[in-house]
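Welcome! Take a look at the sequence and the model first, and then read on.

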Amino acid sequence: MIRTEQLASDTIMFHVRGQLNTQVAKELSLLVFRSYHLGCKTFLCNLSLARVFDTDAYYHLTLIGEGLRDKGRNWRVISPPSSSGNQLILRTSLQFLAPPNLN
């Protein structure tokens, strides 16, 4: 399941909940495509509630990020669920937001 949240007029966040597989990644890419054509410039993808990643899903996330960066847009992945996922995402060149500073 993917829930969208408009954070600003040009910023949108996608919250991915449940299993992240190829079908969900393709659904996410369609939502990103629509948001791009509506004028969004910054795209955030929250994976903190996602589980059971597969290699194809990572590949689609990478394609989304590369496509947006090629068009001058920002793509950020937030809170991968595990350290092994964290390493895999970094190898695929997705970008992360820095953790919030509570001070």
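Predicted model: local features only at pLDDT ≥ 70, side-chain atom pairs only at ≥ 80, totals over all residues.

Read from the N terminus on, the chain's elements follow the order β-β-α-β-α-β-α.

**Overall layout**
- The chain contains 3 helices and 4 strands.
- Of the 103 residues in the chain, 40% are buried.
- Among contacts with a separation of 6 or more, 66% are between residues 24 or more positions apart.
- The chain has an accessible surface of about 6,200 Å², and carbon and sulfur atoms account for 52% of that surface.

- In soluble globular proteins, nonpolar side chains tend to be buried together.
- In this model, the largest nonpolar core is made up of 23 residues, and Leu20, Leu28, Leu47 and Trp75 have the most contacts inside it.
- At least two residues of this core come from each of β2 (11-19), α1 (22-37), β3 (42-51), α2 (55-70) and β4 (74-78).
- Leaving aside residues up to four places away in sequence, Leu28 touches Ile2, Phe14, Cys45, Leu61, Ile64 and Trp75.

**A look at Tyr59**
- Tyr59 sits in helix α2.
- Is Tyr59 buried or exposed? Tyr59 counts as exposed because its relative accessible area is 52%, and the cut-off for exposed is over 50%.
- Tyr59 and Thr22 lie 37 residues apart in sequence, while their C-alpha atoms are 8.8 Å apart in space.

Methods. Residues numbered from 1 in each chain as written. Heavy atoms only, no water. Core = buried A, V, L, I, M, F, W, Y, C linked by side-chain atoms within 4.5 Å. Buried < 20%, exposed > 50% of the residue type's maximum accessible area, 1.4 Å probe, protein only. Contact = heavy atoms within 4.5 Å. Areas by Shrake-Rupley, 256 points an atom, 1.4 Å probe, with all protein chains shown as cover.
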